[in-house]
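Biologist: I would like to go through this structure with you. Shall we begin with the surface and then move to the helices?
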Amino acid sequence: MPARIRFAQIAAVAHVTLSYPKRFNAMSRAMWRDLRAVFERIQGMTELRCVLVSGEGGHFCAGGDISEYPGFRFKEPSLRTFHEDEVWGALNAMLACDVPLVAQIEGNCMGAGVEIASCCDIRLATESARFGAPIARLGFPMAPREAALVAREVGLGTARQMLLEAAVFSAPDMLQRGFLSRIVPDADVGTLARASVQRISQLAPQAARLNKQTLRALMHDQLPVLLTTAYDYADGIEHREGIAAFLEKRAPTF
């Protein structure tokens with residue numbers, strides 16, 4: 001099967017699948033470009049309430065497609081284009097997405113996989129999943145924007161071990177270190193990831209988008225800017241429905 005990013009929409013949920021099974025879903029350059037396009041499209045789909053990000057064939061993502069590297073990594077302009085435009089373009093589109101993102105992580109989650117997972121809001125992993133960024137064995141560092149993203153999400157100490165020792169961590173390790181929201185038995189990950197998506201989808205979608213905007217502003221020290229429009233939802237339908245449902249002792253309809 002060709003390397004690709006698969007997109008499907010089921011009701012108000014988008015399913016984004018990293019698909020390159022013969023290489024454990026390693027990201028090709030085309031996949032990075034497609035991932036950006038998919039998330040730029042998702043951002044404009046107002047009917048969506050959640051996105052489930054997963055990998056095909058029992059793995060999340062094993063890193064980058066190293067077979068492509070000799071064609072562009074040894075010249076500074078093409079290397080810069082790859083990291084700043086293609087990789088960061090995709091990751092930034094995920095980070096800018098206001099729809100909640102749930103990662104279903106199985107098997108290998110290495111390098112690019114850790115970066116993609118770092119863009120997700122809720123991260124569920126199988127007990128057997130493995131995490132790392134052992135690119136020191138390949139003789140190059142993690143690009144600065146990507147390293148900053150990973151360090152923020154996995155923690156600076158864990159990032160140091162991943163990058164300087166080429167350390168690989170188990171799912172229980174990553175749960176303890178705060179990267180994962182939950183670990184589950186391998187056979188149950190699909191069911192429990194869908195349950196998480198369903199819980200999110202039943203809640204107020206506009207409130208979720210506003211929460212993501214607030215958290216993003218907090219990360220970038222932009223709360224003063226957000227405060228100018230922070231309470232524009234006052235007369236909103238969701239706001240009125242949620243409070244009315246509580247007072248009337250019924251489930252809200254969002």
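Biologist: Is Leu223 buried, partly exposed or exposed?
Modeller: The model is a predicted one. In it, Leu223 is partly exposed, with a relative accessible area of 33%. Leu223 belongs to helix α9, residues 223-226.

Biologist: Let us turn to α7. How many residues does α7 have, and how far does it reach?
Modeller: Helix α7 covers residues 189-201, which is 13 residues. From first C-alpha to last, α7 reaches 18 Å, close to the 18 Å expected at 1.5 Å a residue.

Biologist: Which residues of α7 are buried?
Modeller: They are Val189, Gly190, Ala193, Ser196, Val197 and Ser201. Seen down the axis of α7, these buried residues fall within an arc of 135°, so they line one face of the helix.

Biologist: And what do the buried residues of α7 pack against?
Modeller: Their partners are strands: β2 (13-19), β3 (50-55), β4 (101-105), β6 (122-126) and β9 (182-184).

Biologist: Now α5. Which of its residues are buried?
Modeller: In α5 (156-164), the buried residues are Thr158, Ala159 and Met162. Their arc around the axis is only 100°, which puts them on the same side of α5.

Biologist: What covers the buried residues of α5?
Modeller: The cover includes the strands β7 (130-132) and β8, together with the helices α4 (144-154) and α6 (171-176).

Biologist: Is Ala166 buried or exposed?
Modeller: Ala166 has a relative accessible area of 7%, so it is buried; the cut-off for buried is under 20%.

Biologist: Where is Phe24, and what is its phi?
Modeller: Phe24 lies in the loop between β2 and α1 (29-43). Phe24 is not a glycine either, and its phi is positive, about 55°.

Biologist: What is the relative accessible area of Phe24?
Modeller: The value for Phe24 is 40%, so Phe24 is partly exposed, whereas Ala166 is buried.

Definitions and conventions:
Residues numbered from 1 in each chain as written. Predicted model: local features only at pLDDT ≥ 70, side-chain atom pairs only at ≥ 80, totals over all residues. Heavy atoms only, no water. Helix = DSSP H or I, 4+ residues; strand = E, 2+ residues; numbered from the N terminus. Expected span 1.5 Å × (residues − 1). Buried < 20%, exposed > 50% of the residue type's maximum accessible area, 1.4 Å probe, protein only. Arc of directions from axis to C-beta. Contact = heavy atoms within 4.5 Å.
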